[in-house]
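Hello,

Here is the structure I promised to pass on to you. Please have a look first, and my notes follow below.

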Amino acid sequence: MSAETGRAERAGGAPAAGTQTAGAGAAGTPAAVWEPLSTPRREVYRYLGYRGIVPDETVRAAAEECIAQLAREVTPRQVRRLLPLTRTVREDGAERLVIEGIPVDSLALQKNLRGCEEICLMACTLGPGPDRLIRRASVAQMSRAVILQAASAAMIEDLCDLVNARIREEAAERGLRTRPRFSPGYGDLPLELQRGISRILQMPKTIGVGLTDTLLMTPSKSVTAIVGLVRPGAAGTADGAGGADADPTCTMAGCALCGARETCAYRKEDS
Amino acid sequence: MTDLRERLGREWLFFDGGTGTILQARGLRGGELPERWNLTHPEDILALYAGYLEAGCHVFNTNTFGANRLKYPGEGELEAVVTAGVRLAQEARERTGRQDAYIALDIGPTGKLLEPLGDLGFERAVDLFGEVVRIGTAAGADLVLIETMSDTYEAKAAVLAAKENCDLPVCVTVTFDEGGKLLTGASVEAAVAMLEGLRVDALGVNCSLGPRQMLPIVERLVRAASIPVIVNPNAGLPRTEGGRTVYDVGPEEFAEHMERIAALGVQCVGGCCGTTPAHIRAMIGRVSGMPFRPNTAKETTVVTSFSQAVEIGPVPVIIGERINPTGKKRFKQALRDSDMEYILTEGLKQEDSGAHILDVNVGLPEIDEPAMMEQVVRRLQGVLSLPLQLDTSDPVALERGLRCYNGKPMVNSVSGKKESIEAVMPLVRKYGGVLVALMLDEDGIPDSAEGRIRIARRIYEAADRYGIPRKDIVIDGLAMTISSDSRSALVTLETLRRVRDELGGHTILGVSNISFGLPQRATINAHFLTMALQNGLSCAIINPGNEEMMRAYRAFLALSDLDPQCMGYIEAYANAPAPVFGGTPAAAGGAVSQAGTAPADGPSSASSSAGGASQSPLAHAIVRGMAESAAKATREALAVPGTDGLTLINEQLIPALDQVGKGFEKGTVFLPQLLMSAEAAKAAFAVVKESMAGRTQASRGRIILATVKGDIHDIGKNIVKVMLENYGYDVLDLGKDVPPETIVRTAVEENIELVGLSALMTTTVVSMEETIRQLRRDRPGTKVVVGGAVMTQEYADAIGADCYAKDAMATVHYADRVFAAHGTPAD
């Protein structure tokens, strides 16, 4: 008989305050996540193309089954690391950000990180379970595959929000505020940065996330992001758009930054 | 120097501690590749090694954890880094006068995920590891230590690479989380079974956890493993202090914990991240005086998949027999057409019906069986969690399957024939597996239990010679039909009993053979199954979709105290309809319903845009996305004399689909409903097809679909495929991450008029453009339709596509235009 079920272990208690998963060279703790994920139904429906409409009962029931199935199969993990942010000047006079010796050229990120001298790199994943379920459903029943896809997309966003909230709390303890999280691929932030982030966070080892040759993350339900930390009132933070994140609930970088915002079917209605 | 194999498992052996933390303390930065320090900071590396040698460890690692061609692509770079790592180890040994210490060529994960999770091919991984092994061996390493593996598949690639490129001892340690799982899901027991099957010299656990958190995992390891066990924990859990990573367990505390771990019956101890020479010295001080206990051979028989360990023994298991062409016309056709979807669906259905292991037989004279075996095993293990039983008489096909299998499979089969033993046993010896042994030899099948037991004994002896543990042999008692020899069931049952009682072995039967040639076979089969189980049968090869058999099985477990509180029985049948004898009850109780279940019949908003009450039951079922009702309605419609399948398709099915498609385009029907309707239509098509057996249906055209190279997201492409097939097109689905050359070659060879390409990322649109360029060059007439998240009309124009399709329906419309223009469908 099956001695084991392949079920994911979900962690119970919260890690000690201030605990960070270590970065390069040191062991990363494949840190399981400290509270169960929720799956906002509204988001699931939005990813399925229902903009502001509640799906009929058949689809809602299928969505609930998919969410329950995902909840059994996800293995949420996260890793994050605080790093100093430095700046240099390029030959052409433009400012350049430097993270752990890696030069980063991105006007959008510069704007996001204005006034920050420290950042938190974060990466999180739902593990290989969702990809497997989607692969499986793609053979037998595509309608399930698209619902699993939408539900797991909503779940990984929720996981990001949890990790981000933790970063914000820890920053607040030190009297710092956080900026909306920003991911490679947003605006002009090159995807190439994924390699550096992967190395610094030791993502294959700490959370089991690899990069393809084309810089896609595997498992696919994984996210990396940069969260800027800023001292309230720090120089250069007074302007509106780049101002410190005064509203603690506003952590989304949002669609406003995305080049595809005009055509994207998944654009949030309020952005 | 004594061969390490002589000492492993006979005395305490001490491994070294952390590398990364020590190099960081010496100035290594987060973005740097640590192995490069072998060339740039040799004195630091020498100091690292010397620290551990002076602390007294027997085995120390070269600084080559992440060294592979992907990270060191430059000419001669990898060679230089690995060679320097080993040479410095030799120098450190000399400097410290520790010539007795063993240099472990340290091999960590590639950093990429293997297919199907990621984009690294299994054989490519074997090549990458093999290169490091060759360089390290040539430089003078004494053993290969594969460590920090979090995926059984990657660990297997590394072990094969080591075994195929050197004769050194191979030790493997993997990384579990606190729940005792690898990142890819394998349990402690599954990892142990696979690694022991691959005949590594020692196995164990390292990294990720401190010694305290590791205790329960070590207990499970010692309980499961028969070979020496290595335990190398971190110095507790990491935290950041003033921007630096520190660990919370100091040397003395570490040593205390390690004393406790050593007492559990492990044979080798050391440390990982955060541990220093001081930790190792303190540990050796405490452990070396403790009484040493060698590990003991465990008698559990285990087969595994990437995540599950299935034990053969205390409770009989069900092995699904449906992936097998014997006597199945439809399955044979699927093999000839490489129709993976059909084969995978057969697998999924059996998993849902409660099988524990699936038999995989893809032997057909006119196909390339070795290639098919590999393809089917890879695809099945990408979607199933069950272990597989590789069933073939072709040793080449067997090896292809064994090699790419992620876990420890069952192997079906070897016989008492010398030729068979010589062909199969070396493969099982190399790759691991639980081997089914047929009780026949050069003289045929003995007609007495005595004769069969004699062959069983001979096979056990052969296994001893090949170093295959006896527990990994399962005896096939051979069920022969009672219609030709009425004693044959009794002989088989006696064989089962005697294997259990006299040989202490496990048994297996292809149960339904017993009734060949008789009417109402299910009745005989189910009763024979009960008798066989009562006589000790360990594995029943049956069709798990057959309710009578599954009822017999579940009832036997409940009656034999093998189903605690009858929970399994209750779960399967509490809400199931009573059995209908003589008919084929629908997949009733017991089906562990998963993704394969049809959408529940229920009201759907799609119907609000429907024509109303005048609709036929079939059209109604399709519009509302009810697969079972659609199939039923089709069957009923066809039962009316004079109803033609094609008329049904054209007058009811297609108009219903069109109605849903239009709703989708207007935005009143959404993607899940569109697909549910498509699935309902598909179920209806299947019934029509059945009714027209023999008559070929005209295809409206053949279309290639592919997600382009570099892109691994194929959900959009799969949606398009479902819709195109619904509208009568034949889709050649080339999958994801498909090189331009493959697409072009297929288009040329198959004379394809339309190619659909999908890309999700801006970065992979480049591959799309290249594919179009090559298509234009080699097959200028072929039309190209493109789609995907980043695609726009402008983008499509810029890369030279003929059409941009914003969704699946748009692709169908374009296909209609292309094939209408061509007049007749391409053949």
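Let me begin with B:N751, which sits in the loop of chain B that runs between helix 27 (740–749) and strand 23 (754–758); helices (H or I, at least four residues) and strands (E, at least two) are DSSP runs, numbered from the N terminus. B:N751 is not a glycine, yet its phi is positive, about 60°. With a relative accessible area of 37%, B:N751 is partly exposed (buried means under 20%, exposed over 50%, partly exposed in between, with a 1.4 Å probe and protein chains only).

Some background before going on: this is a predicted model, in which local features need pLDDT of at least 70 and side-chain atom pairs count only at pLDDT 80 or more, while totals for chains, interfaces and linings use all residues. Residues are numbered from 1 along each chain as its sequence is written, chains are lettered from A and ligands numbered from 1 in the order in which they are written, and side-chain values use heavy atoms, with hydrogens and water left out.

B:T148 also has a positive phi, near 60°, and is not a glycine. B:T148 belongs to strand 4 (residues 143–149) of chain B and is buried, at a relative accessible area of 4%. Most residues other than glycine have a negative phi, and most peptide bonds are trans.

One joins B:N412 and B:S413, with omega about 20°, and B:S413 is part of strand 16 (residues 410–415) of chain B. Another leads from A:T218 to A:P219, with omega near -5°; A:P219 is in the loop between strand 8 and strand 9 (222–230) of chain A.

Leaving aside neighbours within four places in sequence, A:T212 is in contact (heavy atoms within 4.5 Å) with A:T218, B:K112, B:D119 and B:I712. A:T212 lies in the loop between strand 7 (210–211) and strand 8 (217–218) of chain A, and its relative accessibility is 1%, so A:T212 counts as buried.

Finally, chain B as a whole: it has 30 helices and 25 strands, and 60% of its 827 residues count as buried. Its C-alpha atoms fill a box of roughly 95 × 75 × 45 Å, taken along the principal axes. Among its contacts between residues at least 6 apart in sequence, 74% join residues at least 24 apart.

Best wishes
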